[in-house]
Amino acid sequence: MKLATRIALSVTVVVPLLVLAAGLLVLGLVSRDLHQQQDTRLQDRASAVLPDVKTLLTADRNGKPKVEQNQHRKVLGDVLDAGIRVRTADGSVVLEGGPQPADPVRLPERTADGPVTVRAKGRAWRVLTVPVAGPAPGTLWLFTPASAADPQVVAVRRRVLLVALLAAPVSGLLAYGLAGRATASVRRLSRRAAALDPGAGAAAFASAPANIAEVDELSCAIGQLLSRYEEQAARTAQALDTARSFSSAASHELRTPLMSMRTDLDVLAAHPDLSPAERAEIVRDLQRDHARLLDVLTALRMLARGDLVEVSAFAPLDLSELVDTVAGETARRHPEARLVVELPSELRVFGWDAGLTILLANLLGNAVVHGRRPDEPPRIAVGLHAEGGYAVLTVDDAGPGIPPGEREAVFRRFHHRPGSPGSGLGLTLVAQQAALHRGSVVIGTPPGGTGTRFEVRLPLSATDAPTLRLPKRRDWISRGD
């Protein structure tokens with residue numbers, strides 16, 4: 001059912017009910033006013049005939065029938081259509097005329113607050129009692145039927161019912177027309193939404209406001225929904241691309257160590273009589289290839305995680321504590337290395353704990369492997385300080401250094417130096433994590449002039465959660481294919 005039809009039906013039902021409710025209220029007020037008018041007329045007529053009633057009672061007491069007869073006519077003429085009854089102090093009725101309750105009925109002896117209602121044989125009467133003082137005391141009653149106002153009340157009731165009956169169709173038709181115009185913008189919005197190509201995105205749905213709050217809110221909600229759909233579709237496409245790149249890179253990079261392992265296994269199977277030295281050499285080759293397999297798979301997995309990470313994984317953390325932890329782990333894994341670490345007591349950033357741990361582990365691991373000279377233990381200096389709103393991390397080694405022309409290339413995926421034992425992904429992970437944290441990484445020369453310095457800058461902020469936006473382009477696992 002259309003919204004306009006629902007509105008019209010609702011108005012068709014509600015408006016007559018409102019008319020009836022208002023009519024009942026008006027009917028009660030009219031009835032009360034009519035009764036007040038009756039009571040006022042009774043009081044006015046009582047005031048008009050009271051002097052003549054006193055004269056009538058005095059003539060009756062003094063035995064003057066002519067005066068009494070004249071007063072009878074005069075009193076009856078003054079009360080007009082009201083009923084009247086006059087009684088002496090000893091209880092005898094000296095005047096009775098006009099409409100009044102049938103006997104036997106008990107009449108009130110006093111009505112100080114005005115007329116009261118008396119019922120007799122199914123009829124209701126408004127009765128005003130006026131005590132008559134003077135030399136000839138008595139009591140005056142005036143009567144009028146309580147139903148005298150009923151014809152006017154009935155007329156008002158009929159008009160109310162007529163208005164209610166007419167209001168139903170008229171209000172329904174008017175409501176249908178007005179609701180149709182009011183919902184026209186909703187119908188236009190519905191047609192636009194139905195005709196929208198999902199591939200066109202939120203930009204194709206944008207239009208001028210209708211200046212109707214509800215319609216504009218609905219249009220804005222649809223636009224936001226389309227924006228979220230676009231974002232989710234992009235993330236899904238990126239996840240699929242990351243999965244394909246992971247599969248392709250793993251297949252390409254693992255082929256060589258797997259073939260080498262297969263060859264070594266075939267040699268072991270075909271030559272069970274190998275000497276212990278030859279067998280040990282083949283086992284070392286197998287262990288080396290196995291370690292390379294693990295390194296490549298671990299690095300690819302972390303690259304994929306970085307490409308798919310969400311802002312919800314980021315949180316405030318102490319970079320000094322994290323550097324100290326990773327440096328201690330590196331020292332335990334490479335006891336031959338000489339590490340010098342200078343850290344502030346606390347330096348907080350807003351980051352991804354797992355990602356920054358990978359960044360630090362790869363920087364220090366790269367320095368241990370490549371930052372040494374022949375026949376010398378690796379010497380590594382790690383520093384951390386705040387500078388211009390950034391946390392600046394430096395990792396210096398005493399190795400042969402990296403020529404300026406090759407410094408950009410070392411961050412590429414699967415870049416190897418001749419004879420390097422690594423996976424070629426360690427520095428790619430460093431560059432990826434620096435970019436994810438809105439930072440940077442550059443290669444330079446330590447102050448001594450020899451070796452290599454890696455300098456990483458990360459924004460110093462523990463309150464960036466509401467404003468952090470990850471880079472739109474996150475394709476580190478496929479970059480370089």
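This is a predicted model: local features need pLDDT of at least 70, side-chain atom pairs count only at pLDDT 80 or more; totals for chains, interfaces and linings use all residues.

Reader: At what angle do α9 and α10 cross?

Author: Roughly 140 degrees, and the axes of α9 (residues 353-370) and α10 (residues 426-436) come within 9 Å. Axes are lines fitted to C-alpha atoms, for helices over the stretch in contact, and angles run from 0 to 180 degrees between N-to-C directions. Helices are DSSP runs of H or I with at least four residues, strands are runs of E with at least two, and both are numbered from the N terminus.

Reader: What do you call that orientation of α9 and α10?

Author: Oblique, so α9 and α10 are neither of the parallel kinds nor perpendicular. The cut-offs: under 35 degrees is roughly parallel, over 145 roughly antiparallel, 65 to 115 roughly perpendicular, the rest oblique.

Reader: Which residues of α9 and α10 meet?

Author: From α9, Gly355, Leu356, Ile358, Leu359, Asn362, Leu363 and Asn366. From α10, Gly426, Leu427, Leu429, Val430, Gln433 and Ala434. Contact means heavy atoms within 4.5 Å. The residues of this contact divide into 8 nonpolar, 5 polar and no charged. Here Ala, Val, Leu, Ile, Met, Phe, Trp, Tyr, Cys and Pro count as nonpolar, Asp, Glu, Lys and Arg as charged, and the others, Gly among them, as polar.

Reader: And α8 with α9: what angle?

Author: About 45 degrees, with the axes 10 Å apart. That makes α8 oblique to α9. Their contact holds 10 nonpolar, 2 polar and 1 charged residues.

Reader: On to sheets. What is the strand order in the one with β7?

Author: It runs β7-β9-β10-β12-β11, an open sheet of 5 strands with mixed pairing. Two strands pair if DSSP finds at least two bridges between them. The edge strands are β7 (338-342) and β11 (440-444), each pairing on one side only. The twist averages 15 degrees from one strand to the next.

Reader: How many bridges join β7 to β9?

Author: 5, and these two strands run parallel. Glu342 stands opposite Gly383 in β9.

Reader: Which strands does α8 touch?

Author: β7, β9, β10 (390-397) and β12 (452-459). The direction of α8 makes about 175 degrees with that of β9. α9 also packs on the sheet, touching β9, β10 and β12, and its direction makes about 25 degrees with that of β10.

Reader: Now the sheet with β1. Is the pairing parallel or antiparallel?

Author: Antiparallel: 5 strands form an open sheet in the order β2-β1-β5-β4-β3. Neighbouring strands are turned by 25 degrees against each other on average, direction ignored.

Reader: Last topic. How many salt bridges?

Author: The count comes to 11, a salt bridge being a side-chain nitrogen of Lys or Arg within 4 Å of a carboxyl oxygen of Asp or Glu. One of them is Asp39 with Arg126, whose closest N and O atoms are 2.7 Å apart. Asp39 lies in helix α1 (residues 3-62) and Arg126 in strand β4, so the pair ties together parts that are 87 residues apart in sequence.

Conventions:
Residues are numbered from 1 along each chain as its sequence is written. Side-chain values use heavy atoms; hydrogens and water are left out.
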